[in-house]
Amino acid sequence: METVERAGISDVPMKDRMHSTDLYLPHDDEIMKKQLQCVDLQYDFNMTRPTEMDKWEALMKKMFAEIGDGCYIEPPLHANWGGYHIHLGKNVYVNYNFTVVDDTHVYIGDYTMVGPNVIIATAGHPIVAELRQKGYQYNAPVRVGKNCWLGAGAILLPGVTIGDNVVIGAGSVVTKDIPSNVVAVGNPCKVLREIGEHDKEYYFKDKKINPAFFE
């Protein structure tokens with residue numbers, strides 16, 4: 001197990017520094033041993049046939065830190081820790097090619113939908129090249145609220161929090177926190193508008209919602 005014992009640097013074990021936003025070395029032997037076990041499960045999950053639902057569900061319960069009822073993840077999933085630090089609420093839907101740098105915790109709330117090719121990154125690296133050469137990184141958790149929709153190809157960077165009932169436009173790069181009940185788009189992602197009464201009447205351009213759907 002590696003520790004940092006140089007002058008002025010804590011001797012806290014690397015595995016304990018992973019979730020602190022402190023710099024640490026991810027190639028620590030203890031970390032790597034556990035990480036390989038996790039990505040082995042992810043490999044099995046990605047190789048599961050569509051007809052092997054029982055096996056698929058059993059693997060998800062082993063893989064994720066938390067997973068609520070009714071979750072559905074389309075393989076392939078690409079996660080540094082195979083979902084070990086990912087917390088899913090109930091009825092979360094994740095489309096193809098979800099990529100998660102889950103070196104620390106990722107929280108996704110109930111009924112949130114994740115489009116294809118979405119990326120969530122919790123890990124960052126120092127700007128100073130000398131520290132990157134030594135392999136140092138830091139991690140900051142990402143939080144996504146309930147009833148959100150992350151559009152195709154959206155990217156969430158370390159440390160961001162997205163509120164409830166938020167729509168993130170396709171291809172957006174979220175660099176800062178996004179409040180609840182808004183549509184946010186762009187690079188960097190910014191609030192476009194609040195979600196309001198118009199959205200209860202129209203679901204796409206001039207397409208009206210049948211009021212019966214709300215019953």
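I took a nonpolar core as a set of buried Ala, Val, Leu, Ile, Met, Phe, Trp, Tyr and Cys residues joined through side-chain atoms within 4.5 Å. Buried means under 20% relative accessible area, exposed over 50%, and partly exposed in between, with a 1.4 Å probe and protein chains only.

This is a predicted model: local features need pLDDT of at least 70, side-chain atom pairs count only at pLDDT 80 or more, and totals for chains, interfaces and linings use all residues. Residues are numbered from 1 along each chain as its sequence is written, and side-chain values use heavy atoms, with hydrogens and water left out.

**Entry: overall**
I counted secondary structure and found 5 helices and 21 strands. These are DSSP runs (helices H or I, at least four residues; strands E, at least two), numbered from the N terminus. I took the spans of the C-alpha trace along its principal axes and got about 65 × 40 × 20 Å. Of the 215 residues in the chain, 38% are buried.

**Entry: cores**
I looked up the largest nonpolar core, which has 36 residues. Phe98, Ile120, Leu156, Ile162, Ile168 and Ile178 touch the most other members. Elements that each supply at least two residues include α3 (53-63), β6 (98-101) and β18 (182-185). Helix α3 gives the most, with 4 residues.

I then listed the contacts of Leu156 (heavy atoms within 4.5 Å). Leaving aside neighbours within four places in sequence, Leu156 is in contact with Ile119, Ile120, Ala121, Val142, Val144, Leu150, Ile162 and Val174. I also found a second, separate core of 8 residues, with Met18, Tyr24, Trp81 and Tyr136 among them.

**Entry: rings**
I searched the whole structure for aromatic pairs and found 4. Rings of Phe, Tyr and Trp (its six-membered ring) pair if their centres lie within 6.5 Å; planes under 30 degrees apart count as stacked, over 60 as edge-to-face and the rest as tilted. Trp56 and Tyr72 form a tilted pair, 4.8 Å centre to centre with 55° between the planes. Trp56 lies in helix α3 and Tyr72 in strand β2 (residues 72-73), so the pair ties together parts 16 residues apart in sequence. Trp56 is buried at 6% relative accessibility, whereas Tyr72 is partly exposed at 33%. Ring pairs link Phe45, Trp56, Tyr72 and Tyr93 into a cluster.

**Entry: His27**
I located His27 in the loop between α1 (14-17) and α2 (29-46). His27 is partly exposed, with a relative accessible area of 39%. Its C-alpha is separated by 36 Å from that of Lys190, 163 residues apart along the chain.
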